[in-house]
Amino acid sequence: MIASLEVAKESAIAALRRGDSAVWRRPTPARDLITLADVDEARARFQRFEPILRQLFPQAGWDGRVRSQLLDYPQTGDMPALLVKADHDLPVTGSIKARGGVHELLCQVERIALAEGIAQEGDLTVLLGAEARSRFARHTLIVASTGNLGFSIGLLARAFGLGAEIHMSRDAKAWKKERLRALGARVVEHECDFSEAVERARVAASMKGPEAYFVDDESSRELMLGYAVAAYELAEQLAARDIVINAERPLFVYLPCGVGGAPGGVTFGLKQLFGRNAVCVFVEPTASASMFAALSQDPAHPVHVAELGLDNRTIADGLAVPRASPLALAVVGRMIDAVVAVNDEALLDKVRSAWRTAGLRLEPAAAAGFAAVTPWLRHLQQAAPAGPPSAWRNAVHVVWTTGGSLLPDHEFDALLVEKTG
Ligand SMILES: *Cc1c(COP(=O)(O)O)cnc(C)c1O
């Protein structure tokens, strides 16, 4: 979307040079790229598809709702009381990508169903019929991923009978590729970083026909909207606990950040619901601090972390992103309250303590929120030497755990003993 705006500008100027007539039109302001009404629509879409998802994934008696629990975390050491938004345990795909990825996929299914003339007024079950499947089989979704997005898109696409071509950056774990292949997805392995894999996937998609659709992790509104719906869910869960968020009791949310779509979507939703009383802290691995880099430099032109001398090598494969999403920056860049960078050692340490103290099965990316709490609070303390305003001491802390419940035993066990570096 951002890219096509650039392209449109180029072609308009080419028209001027040719002496042709041309139109310049004011671009959509960033704040209008996504609205709360769009989030409501996404929420309704999830609800509409619940019976379909239930039928597609009958295992484990899933009700078809993409919803995670809000858990109490045992209080340890000098950490404040923490709540955990347990997206690591989301049904079917086991990561926060179940929100963005599933929503994107449902949008694509609707689009293809419309284009193929598969009736879908009211009764969506026609989408599961043999006729629909044979038409879906002509279409392919193409996406680049460090693992989890590809897994969610691939899993859902195959369930509907769509083709899936997943371009994996070098960070992707072997087990995620194997699972995708077992589902009948085509996995294309790249020895490059995520930003480059996105470009290669984009090129691959552009060389195919209209039956190929590129899911662009760096600029998809549908992905962000799927994540944003989670804000309503958290608001309901806080209300169910009689927790009222206001200026005296702000909500601190710790969100692991890769390209920024997932934490950006959640932040957009939370800011709509709680305004500035929701304080959104993005968390990145130090080696892949791409949002940190973009916000501290020029958010309009996000830099590659290599330009800052960072190598993008991290144990947190889900966050191994060297350049932040221009869409996330355009939509929520100004709403992000802080970015905390944490190193791999801290991530591993939190994977282990989350397992030992609470039995949470997290991948390193998903433990990032825990690692950010102490540095963030220390920063607040130092910024206000007389002691932090009471509002900070009363804050409700929500650590968003974003993936890991599907980690195979051998992968998870290795994390519990592995050394970093
Ligand atoms: C994708 C992912 C994130 C971050 O999402 P972005 O949209 O890339 O910022 C965080 N944690 C896990 C486990 C992920 O897979």
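Predicted model: local features only at pLDDT ≥ 70, side-chain atom pairs only at ≥ 80, totals over all residues.

Trainee: In what order do the six strands of the open sheet lie?

Mentor: Strands are DSSP runs of E, at least two residues, and helices runs of H or I, at least four, numbered from the N terminus. Two strands pair if DSSP finds at least two bridges between them. Here the order is β1-β2-β10-β7-β8-β9, with mixed pairing. β1 (70–73) and β9 (338–342) are the edge strands, each pairing on one side only.

Trainee: Which strands does β7 pair with, and in which sense?

Mentor: β7 runs parallel to β8 (residues 278–285) over six bridges, and parallel to β10 (residues 396–401) over four. Val253 stands opposite Cys280 in β8, and Tyr254 opposite Val399 in β10.

Trainee: Are the faces of β7 covered or open?

Mentor: Buried means under 20% relative accessible area, exposed over 50%, partly exposed in between (1.4 Å probe, protein chains only). In β7 (residues 251–256), six of six residues are buried. Leu251, Val253 and Leu255 lie on one side, Phe252, Tyr254 and Pro256 on the other.

Trainee: How many residues does the largest nonpolar core have?

Mentor: In soluble globular proteins, nonpolar side chains tend to be buried together. A nonpolar core is a set of buried Ala, Val, Leu, Ile, Met, Phe, Trp, Tyr and Cys residues joined through side-chain atoms within 4.5 Å. The largest one has 85 residues, and Phe136, Phe160 and Leu251 are among those with the most contacts inside it. Helix α5 (residues 148–160) gives the largest share, eight residues. Apart from this core lies another, of 38 residues, including Phe252 and Val279.

Trainee: How many residues of α5 are buried?

Mentor: Twelve of its 13 residues are buried, among them Leu149, Ile153 and Phe160. Contact means heavy atoms within 4.5 Å. Leaving aside neighbours within four places in sequence, Phe160 is in contact with residues including Phe49, Leu105, Arg133 and Phe136. Gly161, with a positive phi near 90 degrees, follows α5.

Technical notes
Residues numbered from 1 in each chain as written. Heavy atoms only, no water.
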